Amino acid sequence: MELKIFSKALYSTWVIYKPERILFDVGEGISTMLGNSVYGIKVIFLTHGHVDHLSGLWGFINTRNAAMGDREKPMQIYYPVNNIAIEKFRDFILDMNPRLRYQIQFVPIKEAERIFLRKAGSFERSIMPFKTFHTVNERSFGYTIYEKRKKLKDEYKDLDKTELIKIINEKGRDKISDVYEKKILTISGDCHALPLERINNSETLIHECTFLKAEDRRNNNHTTIDELIEVIDRSEGVKRLILYHISGRYMNLAKKREAEFIELFKRKGIELYIVHPDRLFCL
Ligand SMILES: [Zn+2]
Ligand SMILES: [Zn+2]
């Protein structure tokens, strides 16, 4: 399994990306749902300080201190620098838990600050936050996970296999390839529809889609399905789109329209998944 998500706008949102053992946001109910699997999380990235993304953090930190597992494993929590709600909640949690068994580090990060997740030989994965537009006073981030990949340099593209092997033997594989960064995953957090440059070429895109009906949106703080369809239409290189942060009012509508949406995105060559607001999503 790669992803485990619970997300219901206004109530609770959390996303586990298993290959890197990352938890994005910590909505309420997460430790109850995870049980001893809280120890499977290595690092937390917070998108912003709204309650539905943050309120499970105290419980999570405590459960990890007391449940059955490696209680001494350190943990880092990255968050948008100067996010007041997160910093106040951090101070409260640390005040209330002066004797945690493990090292906990709250790390404020700036836009485009790269954090390395894993390095082994030429394999390298890192994550970078980007600014999003959510509510006026909220410092909010989305995140992209990058992986270093190699591709054949343009000048060697037309060669056949035997010629290519000959050149590899002569010059070495590194000489004939360019290194580039593949966007493995982009997660939006709460925001307006992301701009194209964020979306383009992201293998998996997890995007908020709070409103399935544009007329239900009173403040322009979240994304509607129509806006998302419009921007995805112009995008390129997205293989998989996961809609989350759907309002609970669409519990039935989301199920009713699911097949229609899947078909719509399939025509663009994109696999679509919906995180229904009433159930755990696993992929
Ligand atoms: Zn939210
Ligand atoms: Zn929010």
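Is His245 buried or exposed, and at what relative accessibility? His245 counts as buried, at 2% relative accessibility, where buried means under 20% relative accessible area, exposed over 50% and partly exposed in between, with a 1.4 Å probe and protein chains only. The model is predicted, so local features need pLDDT of at least 70 and side-chain atom pairs count only at pLDDT 80 or more, while totals for chains, interfaces and linings use all residues. Residues are numbered from 1 along each chain as its sequence is written, chains are lettered from A and ligands numbered from 1 in the order in which they are written, and side-chain values use heavy atoms, with hydrogens and water left out.

**The zinc ion (ligand 1)**

- Its protein donors are Asp52 (OD), His53 (NE2), Asp190 (OD) and His245 (NE2), at 2.1 to 2.2 Å from the zinc ion (ligand 1); donors are N, O and S atoms within 2.8 Å of the metal (3.2 Å for Na, K and Ca), and since water is not among the atoms, sites may look incomplete.
- The arrangement is irregular because the four donor atoms subtend angles of 86 to 166°; four donors count as tetrahedral if all angles lie between 85 and 135 degrees, four count as square planar and six as octahedral if opposite donors are over 155 degrees apart and all others between 65 and 115, and anything else is irregular.
- Asp190 bridges the zinc ion (ligand 1) and the zinc ion (ligand 2), which lie 3.6 Å apart.
- Distant parts of the chain are linked by Asp190, in the loop between strand 10 and helix 6 (196–199), and His245, in the loop between strand 12 and helix 8, 55 residues apart; helices (H or I, at least four residues) and strands (E, at least two) are DSSP runs, numbered from the N terminus.
- Asp190 counts as buried, at 2% relative accessibility.

- His50 lies in the loop between strand 4 (43–45) and helix 2 (51–54) and His134 in the loop between strand 8 (123–131) and strand 9 (141–152), so the pair ties together parts that are 84 residues apart in sequence.
- His50 counts as partly exposed at 23% relative accessibility, whereas His134 counts as buried at 6%.

- Seven strands, in the order 6-5-4-3-2-1-14, form an open sheet of mixed pairing; two strands pair if DSSP finds at least two bridges between them.
- Strand 6 (104–109) and strand 14 (281–282) stand at the edges with a single partner strand each, so one side of each is left without a neighbour in the sheet.
- Strand 1 (residues 3–8) pairs with strand 2 (residues 12–17) in the antiparallel sense over six bridges, and Phe6 stands opposite Trp14 in strand 2.

**Strand 11 and its partners**

- Seven of the seven residues of strand 11 (residues 202–208) are buried, so this strand is largely enclosed by the rest of the structure.
- Strand 11 runs parallel to strand 10 (residues 177–187), joined by four bridges, and also parallel to strand 12 (residues 240–244), joined by five bridges.
- Ser247, in the loop between strand 12 and helix 8 (251–266), counts as buried at 8% relative accessibility.
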